Amino acid sequence: MICFADQGAGITQEQQPRIFDRFRRGNREQNRKGTGMGWAIAREIIRAHGQQIWVSSKPGRGSEVCFRLPVACQDGQP
Ligand SMILES: Nc1ncnc2c1ncn2[C@@H]1O[C@H](COP(=O)(O)OP(=O)(O)O)[C@@H](O)[C@H]1O
Ligand SMILES: [Mg+2]
(Lines give C-alpha, C1' and ligand atoms only; values in the text may rest on other atoms or scores of the structure.)
(Ligands and ions follow the chains in the order given, each with its own letter.)
Protein backbone atom coordinates (compact mmCIF):
# COMPACT_ATOMS: atom_id res chain seq x y z
CA MET A 1 0.00 0.00 0.00
CA ILE A 2 1.31 3.40 -1.02
CA CYS A 3 0.00 6.75 0.25
CA PHE A 4 0.73 10.33 -0.77
CA ALA A 5 -0.08 13.07 1.71
CA ASP A 6 0.04 16.85 1.52
CA GLN A 7 -0.72 19.77 3.76
CA GLY A 8 -2.60 21.66 1.05
CA ALA A 9 -6.07 23.16 0.81
CA GLY A 10 -7.81 19.82 1.23
CA ILE A 11 -10.87 18.48 -0.61
CA THR A 12 -14.45 18.63 0.64
CA GLN A 13 -16.11 15.33 1.50
CA GLU A 14 -18.54 15.84 -1.39
CA GLN A 15 -15.72 16.34 -3.91
CA GLN A 16 -13.43 13.58 -2.63
CA PRO A 17 -14.82 10.68 -4.71
CA ARG A 18 -15.09 12.96 -7.78
CA ILE A 19 -11.39 13.84 -8.13
CA PHE A 20 -10.96 10.47 -9.89
CA ASP A 21 -13.52 11.33 -12.61
CA ARG A 22 -12.23 12.18 -16.10
CA PHE A 23 -11.70 15.92 -16.77
CA ARG A 24 -12.81 16.78 -13.23
CA ARG A 25 -11.13 19.96 -12.04
CA GLY A 26 -11.78 22.04 -8.93
CA ASN A 27 -12.88 25.69 -9.01
CA ARG A 28 -9.58 26.64 -7.36
CA GLU A 29 -7.75 25.22 -10.39
CA GLN A 30 -9.56 27.33 -13.00
CA ASN A 31 -6.56 29.60 -13.60
CA ARG A 32 -3.98 26.84 -13.38
CA LYS A 33 -2.76 24.49 -16.07
CA GLY A 34 -4.17 21.00 -15.96
CA THR A 35 -6.51 18.56 -17.64
CA GLY A 36 -8.34 16.88 -14.79
CA MET A 37 -6.95 13.57 -16.04
CA GLY A 38 -4.20 12.94 -13.48
CA TRP A 39 -6.18 10.97 -10.91
CA ALA A 40 -8.46 9.48 -13.57
CA ILE A 41 -5.45 7.86 -15.28
CA ALA A 42 -4.06 6.74 -11.93
CA ARG A 43 -7.38 5.06 -11.08
CA GLU A 44 -7.48 3.22 -14.42
CA ILE A 45 -3.96 1.88 -13.85
CA ILE A 46 -4.78 0.74 -10.32
CA ARG A 47 -8.06 -0.85 -11.49
CA ALA A 48 -6.18 -2.70 -14.26
CA HIS A 49 -4.28 -4.37 -11.40
CA GLY A 50 -7.58 -5.27 -9.77
CA GLN A 51 -7.03 -2.85 -6.92
CA GLN A 52 -8.51 0.35 -5.49
CA ILE A 53 -7.42 3.93 -4.94
CA TRP A 54 -9.04 6.29 -2.47
CA VAL A 55 -8.68 9.74 -0.92
CA SER A 56 -9.25 11.07 2.55
CA SER A 57 -8.98 14.75 3.32
CA LYS A 58 -9.60 17.40 5.92
CA PRO A 59 -10.49 20.69 4.17
CA GLY A 60 -8.01 23.38 5.20
CA ARG A 61 -5.55 20.77 6.55
CA GLY A 62 -4.54 18.51 3.69
CA SER A 63 -5.24 15.33 1.74
CA GLU A 64 -4.03 11.76 1.50
CA VAL A 65 -4.43 9.44 -1.48
CA CYS A 66 -3.70 5.72 -1.02
CA PHE A 67 -3.68 2.73 -3.31
CA ARG A 68 -2.79 -0.95 -3.19
CA LEU A 69 -0.84 -2.98 -5.74
CA PRO A 70 -0.39 -6.75 -5.75
CA VAL A 71 3.05 -8.13 -4.89
CA ALA A 72 4.33 -10.63 -7.49
CA CYS A 73 6.30 -13.74 -6.51
CA GLN A 74 9.81 -14.22 -7.91
CA ASP A 75 8.51 -16.38 -10.77
CA GLY A 76 6.12 -13.58 -11.72
CA GLN A 77 3.03 -15.51 -10.61
CA PRO A 78 0.69 -13.78 -8.17
N1 LIG B 1 -3.82 16.99 -3.37
C2 LIG B 1 -4.91 17.68 -3.71
N3 LIG B 1 -5.39 18.67 -2.90
C4 LIG B 1 -6.50 19.36 -3.23
N5 LIG B 1 -7.25 19.13 -4.35
C6 LIG B 1 -6.81 18.17 -5.18
C7 LIG B 1 -5.64 17.39 -4.91
N8 LIG B 1 -5.47 16.49 -5.92
C9 LIG B 1 -6.49 16.70 -6.78
N10 LIG B 1 -7.31 17.70 -6.34
C11 LIG B 1 -8.54 18.17 -7.00
O12 LIG B 1 -8.94 17.19 -7.95
C13 LIG B 1 -8.93 17.74 -9.27
C14 LIG B 1 -8.46 16.68 -10.25
O15 LIG B 1 -7.08 16.42 -10.03
P16 LIG B 1 -6.18 15.85 -11.20
O17 LIG B 1 -6.83 14.59 -11.73
O18 LIG B 1 -4.78 15.75 -10.70
O19 LIG B 1 -6.30 16.94 -12.35
P20 LIG B 1 -5.60 18.39 -12.52
O21 LIG B 1 -4.42 18.42 -11.58
O22 LIG B 1 -5.21 18.45 -13.97
O23 LIG B 1 -6.68 19.41 -12.19
C24 LIG B 1 -8.06 18.98 -9.18
O25 LIG B 1 -8.41 19.96 -10.15
C26 LIG B 1 -8.33 19.46 -7.76
O27 LIG B 1 -9.55 20.20 -7.72
MG1 LIG C 1 -3.13 17.03 -10.71
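Leaving aside neighbours within four places in sequence, Arg43 is in contact with Phe20 and Ile53, where contact means that the C-beta atoms of two residues, placed from the backbone, lie within 7 Å. This is a predicted model, in which local features need pLDDT of at least 70 and side-chain atom pairs count only at pLDDT 80 or more, whereas totals for chains, interfaces and linings use all residues. Residues are numbered from 1 along each chain as its sequence is written, and chains are lettered from A and ligands numbered from 1 in the order in which they are written.

Arg43 belongs to helix α1, a helix being a DSSP run of H or I with at least four residues and a strand a run of E with at least two, numbered from the N terminus. The C-alpha atoms of Arg43 and Ile11, 32 residues apart along the chain, are separated by 17 Å.

Phe23 lies in the loop between β1 (2–6) and α1 and, although not a glycine, has a positive phi of about 65 degrees. Most residues other than glycine have a negative phi.

The table gives the exposure of both residues, counted from C-beta atoms placed from the backbone: buried means 20 or more others within 10 Å, exposed 12 or fewer, and partly exposed in between.

| Residue | Class and count |
|---|---|
| Phe23 | Phe23: exposed, 9 other C-beta atoms within 10 Å |
| Arg43 | Arg43: partly exposed, 19 other C-beta atoms within 10 Å |

Around ligand 1 there are 17 residues, the closest being Ile19, Gly26, Gly34, Gly38 and Trp39; a residue is near a molecule if its C-beta atom, placed from the backbone, lies within 6 Å of it. Helix α1 (residues 38–48) supplies the largest share of this shell, three residues.
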